[in-house]
Amino acid sequence: MKKPIRNLAVVAGTASAAFALAVSPASAVASTVWTVSPSPASITAVNSGNIVLSVNGIAMTCTKSNGSGSGQSTTGNPATVGTINSIAFGASGTPCTSVLGPVTAVPTTPWTIVAQDYTASTGVTKGYVGNVDATVTVGACVFRVTGKASSTYTNSTGALAVNSVSGELTVVSSSGCGSAVPVGAKPTFKGTYLFKVAGTTTIPTIVGSNP
C-alpha cells in the first residue's frame, strides 16, 4: 500500500507545480494604461466645500483653496497621471482658521496625482496625492507635514476627493507647538477640488485599462 500512496503523492505534487506555473503568469498584475483626456493638459482646481487638516483633534479649516498643474497619459501601476505645481490655502480676507488662531500653510511643490485602480462603471479612479509637503504656521507654532493622502477622481464631475487616513501623513518637524503638534503626529487631510482644463469649462477625464 505504501508504494501506490507514494506514487499518488508524487503525481499530485507534479500536478500542483504544473498548475502553479500555468496560473502564476496569468495572475500577475498587468501594467495599466492610463488615458488622460486631453493630454497633455494644463489643469486648474478650486475647492468645493471646506479643506481640513486635522492634527491631534485640532481642525485647521480653509474655506478657500485653489491650485494648478498638469495631466498626462501614462502607463504603470501605480502611475503619476497629474502634477500639482502650485496650491494655495486661504485667500486674502479669508484665511484658514483653527481654535489656536489663523493658519498659514505654505506648500512645497510639486505634488503628484497617482492612479492605482479604475472602475469603468462609475468612472472613478482611486489613488492618492503624493509628495505632499507643507509648512503650517499657527501663531508661534510652526510644523511641517509630509507624506501622501488617499484620493478618488470622478470623471463625471471632475472632483478630486482627498480623504487621507491616519498614518499617511506625518509631522516631521515642529517648533513652538508643545504637545499640541508633536513630531511624529499623524494628521489627516480632507477636502474636494473641482478640476477644469485651464481657460475652459472642460472637465479632464482619467480612464484606466489593462492591455
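Is Phe189 buried or exposed? In this predicted model, Phe189 is buried, with a relative accessible area of 8%.

**View 1. The aromatic pair of Phe89 and Phe189**. The structure holds three aromatic pairs. Phe89 belongs to strand E7 (residues 79–89) and Phe189 to strand E14 (residues 188–197), so the pair ties together parts that are 100 residues apart in sequence. Phe89 is buried, its relative accessible area being 15%.

**View 2. The aromatic pair of Tyr153 and Phe195**. This pair is tilted: the ring centres of Tyr153 and Phe195 are 5.6 Å apart, and the planes make 50 degrees. The pair links distant parts of the chain, with Tyr153 in strand E11 (residues 141–154) and Phe195 in strand E14, 42 residues apart. Tyr153 has a relative accessible area of 3% and is buried. Phe195 also counts as buried, at 10% relative accessibility. Buried here means under 20% relative accessible area, so the value of 3% places Tyr153 in that class.

**View 3. The aromatic cluster of Phe89, Trp111 and Phe189**. Trp111 forms one aromatic cluster with Phe89 and Phe189.

**View 4. Lys148 and the ring of Tyr128**. Here a charged group faces an aromatic ring: the charged end of Lys148 sits over the ring of Tyr128. The distance from that charged end to the ring centre is 4.5 Å.

Technical notes
Residues are numbered from 1 along each chain as its sequence is written. This is a predicted model: local features need pLDDT of at least 70, side-chain atom pairs count only at pLDDT 80 or more; totals for chains, interfaces and linings use all residues. Side-chain values use heavy atoms; hydrogens and water are left out. Rings of Phe, Tyr and Trp (its six-membered ring) pair if their centres lie within 6.5 Å; planes under 30 degrees apart count as stacked, over 60 as edge-to-face and the rest as tilted. Helices (H or I, at least four residues) and strands (E, at least two) are DSSP runs, numbered from the N terminus. Buried means under 20% relative accessible area, exposed over 50%, partly exposed in between (1.4 Å probe, protein chains only). A charge sits over a ring if NZ of Lys or CZ of Arg is within 6 Å of the ring centre and within 35 degrees of the ring normal.
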